[in-house]
Amino acid sequence: MIAKYPQKIKVAVLPFGDLMRINTSVEGKMEFSGVEGEILNVLLESLGLQYDFVIPKDLQWGRLEKDGNWSGMVGMIQRDEADLAFSYLSMTEERSRVIGYSKPYMFEEHTFISQMPSNRRFTLTFLYPFDFSTWICLFLTLVLMSTLLAICKSGIQSLGNQFFRLFASLMTQALNTDSGSRKYNMLVAFWLLFAQVIVLSYSSTLLSFLIQPLKEAPIRNFNELSRAVQRGNYQANFTNFSLSFLLNSNLDHFLKLGKIVSSNNWIANTSALSSETVIKPNFFLALNKNLAKSYF
């Protein structure tokens, strides 16, 4: 059986960043550009039909409203206000119940965007060159060497005196030592070499931190984002399509994240995005990667 098409069809379209740009010519005719626009041009040319374009008044792709009706382009198809909808329309189980899809021509990858991590506080900048375990090992080495030198001096110099003399050498102060036994001199030589390596390593690393301040550790994946949102530190907005995926996921961190987003109604309105959209602090916006590249 050969399908019959009307001589003139109505095509619902929606501007979508650089992927679907809609311009009006001098003659008043709509012209399309961008990746999606070029695909639509080829599709309409291959159909060989006359067509008119309509843009949904709410500028939505389509979501199920509380009254059971659909908004956007999906709603226009449902109400027979359009015969074809084309503008980066994602496939979802809910939409497939009211509209028919063609074969997919693109698979999207989801990501999230946020502000750049802030600089770390300068109060403790002097501690940044070494991590916590290195500082602990350095302190224990200082105590151990002070104890060994005090033992070699057989009580002539106290442990405290040796400790502060070695500590001063780490501050690039001269280490004044009296002649002692062979073991004592070997320990002092070892310490001087050790202190030189530590001081040079610390100084060069500290300089790099002062030139390029450290950033706070960023959230790198959805697992870390889920834990941060659960702690109440961040807000994460998702599209309805992404939220449906989270709530039906078998992964625990996705499911917990989806429940929090749903209970707080953190729904992203992607149609309101523009190149001037500002991301607030402690806020994450989850959307597909192509859309993120278009606007950010």
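1. A term is needed before the helices are discussed: a crossing counts as right-handed if the near helix is turned clockwise from the far one by less than a right angle, and as left-handed if it is turned anticlockwise. The model under discussion is a predicted one.

2. How is the crossing of α4 and α5 handed? It is right-handed. Helix α4 covers residues 132-152 and helix α5 covers residues 159-170; their axes come within 8 Å and cross at roughly 130°. The two helices are therefore oblique to each other, since angles over 145 degrees would be needed for roughly antiparallel.

3. The residues behind this contact can be listed. From α4 come Leu138, Phe139, Leu142, Val143, Met145, Ser146, Thr147, Leu149 and Ala150, and they meet Leu159, Gln162, Phe163, Leu166, Phe167 and Leu170 of α5. Sorted by class, the contact of α4 with α5 holds 12 nonpolar residues, three polar ones and no charged ones.

4. Helix α4 also packs against helix α6, residues 182-211, at an angle of about 160° and with the axes 10 Å apart. That angle makes α4 roughly antiparallel to α6. The crossing of α4 past α6 is left-handed.

5. On the α4 side, the contact with α6 is made by Trp135, Leu138, Thr141, Leu142, Met145, Leu148, Leu149 and Cys152. On the α6 side, the residues are Lys183, Tyr184, Leu187, Val188, Phe190, Trp191, Phe194, Ile198 and Tyr202. By class, 15 residues in the contact of α4 with α6 are nonpolar, one is polar and one is charged.

6. Where does UniProt place the feature "transmembrane region"? The record, an unreviewed entry, puts it at residues 126-151 and 188-211. In the model, residues 126-151 are 77% helix and 0% strand, and the C-alpha atoms at the ends are 32 Å apart. Residues 188-211 are 100% helix and 0% strand, with the end C-alpha atoms 34 Å apart.

7. Strand β1, residues 8-12, is joined to β4 by five bridges, and the two run parallel. Ile9 has Tyr51 in β4 as its bridge partner.

8. Strand β2 (residues 21-24) and strand β3 (residues 30-33) pair in the antiparallel sense, over four bridges. Arg21 stands opposite Ser33 in β3. Five residues lie between the strands of this hairpin, and Gly28 takes a positive phi near 85°.

9. Another open sheet of three strands has the order β6-β8-β7, with mixed pairing. Which strands stand at the edges? They are β6 (110-113) and β7 (235-237); each has a single partner strand, so one side of each is left without a neighbour in the sheet. From one strand to the next, the twist averages 25°.

10. Within that sheet, β6 runs antiparallel to strand β8, residues 283-288, and four bridges join the two. Ile113 has Leu285 in β8 as its bridge partner. Helix α7, residues 222-230, lies across β6, β7 and β8 and runs at about 50° to β6.

11. Helix α7 also packs with helix α9, residues 252-264, at an angle of about 45°, and the axes are 9 Å apart. That makes α7 oblique to α9. In this crossing, α7 passes α9 in the left-handed sense.

12. Which residues of α7 and α9 meet? Phe222, Asn223, Leu225, Ser226, Val229 and Gln230 in α7 meet His253, Phe254, Lys256, Leu257 and Ile260 in α9. The residues of the contact of α7 with α9 divide into six nonpolar, four polar and one charged.

Conventions. Residues numbered from 1 in each chain as written. Predicted model: local features only at pLDDT ≥ 70, side-chain atom pairs only at ≥ 80, totals over all residues. Heavy atoms only, no water. Pairing = 2+ DSSP bridges. Axes fitted to C-alpha atoms, helices over the stretch in contact; angles between N-to-C directions. Contact = heavy atoms within 4.5 Å. UniProt positions renumbered as here; feature names shortened; annotations may be inferred. Parallel < 35°, antiparallel > 145°, perpendicular 65-115°, else oblique. Nonpolar A, V, L, I, M, F, W, Y, C, P; charged D, E, K, R; others polar.
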